[in-house]
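Hi,

Here is the structure I promised to pass on.

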Amino acid sequence: MLDHYWFGLMKLQPLDATTFGDNSMNDRFVNNCTHAYRDEVRNFYAAYSDSLKAFDPADMNETDALSYQVLKYDTDMQLEKAKYDSWMIPFTQMGDAGNTLS
C-alpha cells in the first residue's frame with residue numbers, strides 16, 4: 001500500500017518526484033490551481049483514508065504501526081487542508097509574506 005501511495009503522490013506532485021531523484025515524471029507539470037486538480041488530490045487522500053479503516057495498528061508490528069500512523073496523519077491533515085480555500089491566497093514573485101526579510 002505504501003509503495004502505491006508514494007507513486008500516486010509523486011504523480012500528483014511531479015516536481016517533488018524530481019527533487020527526490022525520481023526522473024520518471026520529468027515530462028509532467030501539473031496545474032495545481034485548477035478545481036479538477038484539487039478534486040483529484042482530495043479524492044486521492046480520501047481513498048487512502050478509507051483504505052486505512054480496514055487495518056488495526058494494534059495487530060501490526062512496531063514498524064508497520066508507525067507507517068500506519070504516519071500515513072493516517074498525512075491523509076487526515078491533507079483532507080483537513082482541503083476544506084479551506086488556501087489556493088486562493090494571492091502570491092507574487094516578489095514581496096509576499098514568504099519573501100520578505102523583516
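Let me start at glutamate 80, which is partly exposed, with a relative accessible area of 31% (buried is under 20%, exposed over 50% and partly exposed in between, using a 1.4 Å probe and protein chains only). Its side chain meets that of lysine 83 in a salt bridge, 3.0 Å from N to O, and lysine 83 is exposed at 59%. A salt bridge here is a side-chain nitrogen of Lys or Arg within 4 Å of a carboxyl oxygen of Asp or Glu.

Before going further: this is a predicted model, in which local features need pLDDT of at least 70 and side-chain atom pairs count only at pLDDT 80 or more, while totals for chains, interfaces and linings use all residues. Residues are numbered from 1 along each chain as its sequence is written, and side-chain values use heavy atoms, with hydrogens and water left out. The chain averages a pLDDT of 88, and 88% of the residues score at least 70 (pLDDT is the predictor's confidence in each residue, from 0 to 100).

Back to the charges: the count comes to 5 salt bridges. Another one joins aspartate 76 to lysine 72, with the closest N and O atoms 3.0 Å apart; these two residues are 4 apart in helix H4, about one helical turn (helices are DSSP runs of H or I, at least four residues, numbered from the N terminus). In helix H3, arginine 42 and aspartate 39 are 3 residues apart, and their closest N and O atoms lie 2.6 Å from each other in a salt bridge.

Now the rings. There are 6 aromatic pairs (rings of Phe, Tyr and Trp, the last by its six-membered ring, with centres within 6.5 Å; planes under 30 degrees apart are stacked, over 60 edge-to-face, the rest tilted). Tyrosine 5 and phenylalanine 44 are stacked, because their centres are 5.5 Å apart and their planes at 25 degrees. That pair links distant parts of the chain, helix H1 (residues 2–12) and helix H3, 39 residues apart. Phenylalanine 44 also forms a tilted pair with tyrosine 48, at 5.1 Å and 55 degrees. Ring pairs link Tyr5, Phe44, Tyr45 and Tyr48 into a cluster.

Best wishes
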